[in-house]
Amino acid sequence: GVLRWQQILSSAMPEITKTVKFENIAREWRCKWSADNDKASLSAAQAKLESVLGELSSVEGVLSVQRVVCGGCLDFKVITKLSAAAFGAWEKAGFAPEAEFLKTLGEIKGIESVETQTYTLE
């Protein structure tokens, strides 16, 4: 959880173990979309992403924003990668614009399993 990340990030060179060190952390937003109506939910999810992309990209410390789509398992994922040093500030800010994005994503007909995950990304 949050406390675990705060403890890890408090060290000079963040590490999970002595041999697993990292400099970057990613926050993933994900959901499942439906192929119904010519994949309308996927198109709507993409439009929602485009509406927050400028704000998301301008978060202090953001190194990249990637969108992943799997047509086989119907995944739609947004992965925002930040330096470990900058991650804590974004976390304290509630990962903005995460709450609004996830709320509107969940309101799209055909979107299910809206989730988030935080992990290292090297």
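These questions and answers cover aromatic rings and one serine in a predicted model.

The model is predicted, so local features need pLDDT of at least 70 and side-chain atom pairs count only at pLDDT 80 or more, while totals for chains, interfaces and linings use all residues. Residues are numbered from 1 along each chain as its sequence is written, and side-chain values use heavy atoms, with hydrogens and water left out.

Reader: How many aromatic pairs does a search of the whole structure find?
Author: Rings of Phe, Tyr and Trp (its six-membered ring) pair if their centres lie within 6.5 Å; planes under 30 degrees apart count as stacked, over 60 as edge-to-face and the rest as tilted. Under this rule the search finds three.

Reader: Are the rings of Phe87 and Phe95 stacked, edge-to-face or tilted?
Author: Their centres are 5.5 Å apart. Their planes stand at 50°, so the pair is tilted.

Reader: Which residue forms an edge-to-face pair with Phe95?
Author: The planes of this pair are 85° apart, with 5.1 Å from centre to centre. The partner is Trp90.

Reader: Is Phe95 buried or exposed?
Author: Buried means under 20% relative accessible area, exposed over 50%, and partly exposed in between (1.4 Å probe, protein chains only). Phe95 has 8% relative accessibility, so Phe95 is buried.

Reader: Which residue lies over the face of Phe95?
Author: A charge sits over a ring if NZ of Lys or CZ of Arg is within 6 Å of the ring centre and within 35 degrees of the ring normal. Here the distance from the ring centre is 4.0 Å, and the residue is Arg27.

Reader: What is the relative accessible area of Ser41?
Author: Ser41 touches residues including Trp33 and Ile108, where contact means heavy atoms within 4.5 Å. Ser41 is buried, and its relative accessible area is 2%.

Technical notes: Lists of a residue's contacts leave out its neighbours within four places in sequence.
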